[in-house]
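Trainee: I would like to take a close look at a single part of this model, and I would be glad of one connected answer.

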Amino acid sequence: MSVWNPDNIRDVAESLGIVSLNDDVLQGLSSDIEYRLSQVLEEALKFMRHSKRATLSTQDVSQALRVLEIEPLYGYESTRPLRFGEASIGPGQPIFYVEDEEVDFEKLINAPLPKVPREISFTAHWLAVEGVQPSIPQNPTLADSRTQELVPKGPGANPNLTAISGADNVTVKPLVKHVLSKELQLYFSNACSAVFDEVSDDYRAAALASIRTDPGLHQLIPYFVQFIAEKVTHSLRNLFVLTQTMQLTAALLENKNLHVDPYIASIIPPVLTCLVGRHLGSSPTRLSSHPLRNAAATLLGSICKKYAKASHTLKPRLARTCLKHFLDPTKPLGANYGGIIGLQAVGGTEAVRALILPNVKEFTILIREPLEDEGSPKQAEAEAVLTVLIAALQTLEDDHVGVRNEVENGGVANQSRRLEEKVGPLVAGRVLRMARPKFVKALIES
C-alpha cells in the first residue's frame, strides 16, 4: 500500500485529458512516485549533511535533482527557510502554500527615503608618469597590489557560486603563489622548445636525457604535466608533437629523483588519448598513427607496473577503458587497435585470457567486412588490427606449460573444429596457417 494518495494522480490525469485510469495503474504510479521522492530526499539529505546544516533547503533538493540527472525546479531559490501555510478546501486533503511576508504600510510610508545617487561624472588622472605610478587616491597602493595577487581569479574563484551553477570541474587557483626561480623558468622554456625541435635530433635527445636524470626538477613537475595535457589537446593532428609528448612523459616517469605519484591521475588522460584517440594525425592512411599508439601502450604498461600498488583501482579502470574501445563497434579501427594493445600492456597475459580471448569471435565479425574490401584504406587498417590481435593471443602460448609442439588428441580436424568454435573462422584460419600446434592448444584450453 503506497503512502502517496492515488486520488492526486487521478486529478493530474484528468487535467491532462486522461479520463479513466485503472486502479492497478494508479497503485503502481503511486508506488513509483513514492520511490522517486524518497530517492530525491535521500540525495538532498546528503547535501545537507555535507554542508554541516540541520535544515533542508531548496538548494539541496535542486542539487539532488541535478545529481539524478533530472531538470531542477526553478523559482524556489531562497536564502531563508520557506514557511508553508495550510488551507483546507472541503473534505479533501489540506493544501499547503508558501506564506508571503506581510508588509506594514505605515512603516513603509514613514521610512526615510534613500539618499539621492550622485550624477554620473568622469574625471581623468595619470596612471603612470614616465613609468612611475603617482601616489594619488585613484591609483592602487603597493599593499593593495600584493593583496590582489593572492586573490583567486576566474570563473571558479567563488566555490559557493561554482557549486550552485553545477560547474564542479572548475579548478580554483590556490591562494599561495607558486614562485619559480629564473633559472627554473629558463630551463623549462628551453627544455620544452628543445623537445619539440623538428630540426636537430641531438638537441631533442639532450633535452630528454636532462629531464630523465636531472634531480632538481621537483617544482617543474606540475608545469610539465599541464604542458603535456595542453600539447595533446591542441595537437591531435600532429603526430610529431604527440610522439614527442609521449617521450617527454616517459622521461619524467623514468627520473628516479622525482616524486610523480600525485600527478599520475593527470598524466594518464593524455596517454590514453594517444592510445585510443579516434583520429590521430592528418595523414589519410591511419596506419601512420600505430607507432604512436604502440608507444602510448608501452608507457601505460610501465605506469601500471610502477604505480598500481599505490592505487588498487588503477589497473581495473584502465582495463575497463581499453576494453570499451576494443569492443565498441562505433569506434574507428585505430581505437580498436589501441584498445587491444592497451589491454595487453595493462593486464598482460591475464587480461588477454580473461578479456580479449572470450570476445575474439564477436570482434572478428565486425572487421570481416573491411578485410574483404579489396584496395580500400580500411583493409590495411583492419589487417593491422587482426595482426595485433593474433600477436596478443600468442602470449598465451608462452604461458601454456607442458605442451609439445605437435598435433595430439584427434588430429588436425578435431583441433580445427574446436579452435573455430573458440575464436571464430577468421582467426582460426590464420592461426592454423602458422602451423604451431602448441599455440592452437593454448587457445583451445585457455
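How many cavities of 30 Å³ or more does a search of the whole structure find, and which residues line the largest cavity?

Mentor: The model is a predicted one, and a search of the whole structure finds 1 cavity of 30 Å³ or more. About 40 Å³ of space lies in the largest cavity, and its lining is made up of R278, H279, L280, R286, S289, R293, P332, L333, G334 and E381. Sorted by class, this lining has 4 charged, 3 polar and 3 nonpolar residues.

As for the setting, the chain has 446 residues, of which 33% are buried, and its secondary structure comes to 19 helices and 2 strands. Of the contacts between residues at least 6 apart in sequence, 61% join residues at least 24 apart.

F188 is buried at a relative accessible area of 19%, and F227 is buried at 16%. F227 also forms an edge-to-face pair with F196, at 5.6 Å centre to centre and 70° between the planes. F196 lies in the loop between α7 and α8 while F227 is in helix α9, so this pair ties together parts that are 31 residues apart in sequence. Ring pairs link F188, F196 and F227 into a cluster with Y223 and F224.

Conventions
Residues are numbered from 1 along each chain as its sequence is written. This is a predicted model: local features need pLDDT of at least 70, side-chain atom pairs count only at pLDDT 80 or more; totals for chains, interfaces and linings use all residues. Side-chain values use heavy atoms; hydrogens and water are left out. Helices (H or I, at least four residues) and strands (E, at least two) are DSSP runs, numbered from the N terminus. Buried means under 20% relative accessible area, exposed over 50%, partly exposed in between (1.4 Å probe, protein chains only). Contact means heavy atoms within 4.5 Å. On a 1 Å grid over the protein atoms alone, a cavity is a set of points where a 1.4 Å probe fits but cannot get out, and a pocket is an open set with protein on both sides within 12 Å along at least five of seven lines; lining residues have an atom within 4 Å of a point. Grid points are joined across faces, edges and corners, and a volume is the space filled by probe spheres set on the points. Ala, Val, Leu, Ile, Met, Phe, Trp, Tyr, Cys and Pro count as nonpolar, Asp, Glu, Lys and Arg as charged, and the others, Gly among them, as polar. Rings of Phe, Tyr and Trp (its six-membered ring) pair if their centres lie within 6.5 Å; planes under 30 degrees apart count as stacked, over 60 as edge-to-face and the rest as tilted.
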